[in-house]
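Take a look at the structure first, and then read on.

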Amino acid sequence: MMRRGRILAFFAGLACLAQAEPSFAQEPQPQVHQPFWQQRLSGWLPVRDGTELRFSVLLPQGEGPFPVIINYSGYDPGAIGGPAYLADDTAMSVNLDRTLVQAGYAVVGINARGTGCSTGTFDFLGPAYGIDGYDAVEWVAAQPWSSGAVGMANWSWAGMSQLATAIEQPPHLRAIAPGMVLADARLDSWAPGGVPAPAFVAGWWDYLQSRWATVEASARAEGDAMCLDRLARNKVTAEPNRLSNVVIRHPLRDAFIEQRNLAARTHRITVPVLSMTAFQDEAVTSRDGHYQETLTPGLLWQVQTNGGHDLYESVRFRETLVAFFDRFVKGVDNGFDAKARLELWLESTSTGEGHAFQEAVQPRSVVTSADPVPPLGPLELHLQAGGGMTGTLPSASMPASYAYPVGGPLVNVDADAWGPMPATWREGSLAFTSPPLDAGLLAYGPASADLWLSSTATDADVQVTLTELRRDGQEMFVQRGWLRLSNRAQDPARATVLRPFPLDRPETMEALRPAEPVLARVELPKFAHPFRTGSRIRIWIDTPSAWGGYGFSPASLPATNFLWHDPEHSSRLVLGVWRDVAVVGELSRCGEVLRQPCRPDPISDNHGALR
């Protein structure tokens, strides 16, 4: 899976650039795709301050005018249809564009200001981003090849552009389908729970440069001197605003960071929204800034699945996507309005390589709900002395302790797998495990680990990993979350029993006092997992370690942390349980469920008994 492998390597900050494909700026690769459009147009479209955004249009067969789907980001959408694109070297999906064109849509790729061959200055998620999107939608709607009905598609940066644009309410925007987004970039990605995650930020910049290399290759092949000149300028002028500089200058939430918090403004979206989320998304996590809850429920449909960042390419999802656009962009009465508001894919698997791997994803089972928020009941499991976790309050006991900072094992860093346990893991981590379940249950997140903690240091970072200890002796990864203890103050308007929500403001952060326990609510971002009869639920508590593309920079003063579990300080795990769903079927096969690897239980003996 070359593309997936490259992204994981970039995001994890691994030294594998030598394994990347040769730059198109040196020598174009052989053509993989044949043109599937009737006509390709390209040029620059103007926005209100005079900035010019590079675009490319792929027109379908027929007379036109055509309904339009826009792909808008800072990668390479302004070069779609060029030589690099036809060689299958593009940030998004050629086959998705092909499906849309064959369905009768004009596909328009637009590069954000200061990226690719567009003019202007790069500013990731800056205030001009949505305003430019508004102007682009209205410009596209006015073109002779356009019917005036416009939708937006794609994931990641191209998903964030849809939120930013729809917030501005362009009159001709009919629907958006954002997938795998940063809606609150700081808590979703740059510092989950307030813990800095610089590896993702640094690695992403390398990936961005690789996308601009394909823009350069196509421009050279096409003899586009103006494009090359503007790209050369952007490579220089973007450097001061690279994300590593941004998070260094703005280490805490301030007006600059909040201005880029899309979720604070998504309540202004007035068009239908089809959202896709991957629970173990190695690039942006599954948190999404919880923007979906700010939308009018009657305008929202969601598809959610286990797995990684590029599953928007799934052919199964693509069928839903086209039906969504047919209904709300073309205006076809196809019954989409009556479709389930939430479609949950469980234990998704796939085979193959590259794009084919993402396209072939299939869930083992599907659960649906007519309500975007399904009926959930909380399951409370209280942490007990000796490593148990039950539904009863703990008795009087001394706190458990662990050495800090000892990172937990890596998970899904360069493959869907657990890394080795650190040499000092017994001193540096705590594990709490429930009794075997009498009946299966479907846990649906987010979830909350409500931990009473103290430390010999004035601050510390906490990682909580949720697993299933299966009856076959294998331990299966489910989800992972993080919190900087000084960032523990909760937003009373948004925190719930199932979901912590840090205030994340400098004025609400507070140091620890020696030997004084504080309540630290650690969010486990959205997930869904069927725990089957006989399985046990486990959490690990330790120091943040690498996960997917995330490498953390924890507060590293050596210390001893204490986990309290007594009647006055009852630490607990609170899971949301979808009560109306019966969990049936045998255990999934280890190694097949996307982004949920198994390992032999590290804290049991050969007979399966917990030590």
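A disulfide here is a pair of cysteine sulfur atoms within 2.5 Å. Cys 590 and Cys 598 form such a link, with their sulfur atoms 2.2 Å apart. Please keep in mind that this is a predicted model.

How many disulfides does the structure hold? There are two, and they compare as follows.

| Disulfide | S-S distance | Angle about the S-S bond | Handedness |
|---|---|---|---|
| Cys 117 and Cys 227 | 1.7 Å | 55° | right-handed |
| Cys 590 and Cys 598 | 2.2 Å | -75° | left-handed |

Counting the bonded cysteines in sequence order, the pairing runs 1-2, 3-4.

Where do the partners of the right-handed link sit in the chain? The link of Cys 117 and Cys 227 is the right-handed one of this pair of rows. It joins distant parts of the chain, 110 residues apart: Cys 117 lies in the loop between β4 (106-111) and α4 (128-141), while Cys 227 belongs to helix α8 (residues 225-237). Both Cys 117 and Cys 227 are buried.

Cys 598 has a relative accessible area of 17%, and buried means under 20%, so Cys 598 counts as buried.

Now for the helix. Helix α7 (residues 198-222) has 25 residues and reaches 37 Å from its first C-alpha to its last, close to the expected 36 Å. Of its 25 residues, 18 are buried, so that α7 is mostly covered. Gly 223 follows α7 and has a positive phi, near 65°.

Key
Residues are numbered from 1 along each chain as its sequence is written. This is a predicted model: local features need pLDDT of at least 70, side-chain atom pairs count only at pLDDT 80 or more; totals for chains, interfaces and linings use all residues. Side-chain values use heavy atoms; hydrogens and water are left out. Helices (H or I, at least four residues) and strands (E, at least two) are DSSP runs, numbered from the N terminus. The expected span of a helix is 1.5 Å times one less than its number of residues. Buried means under 20% relative accessible area, exposed over 50%, partly exposed in between (1.4 Å probe, protein chains only).
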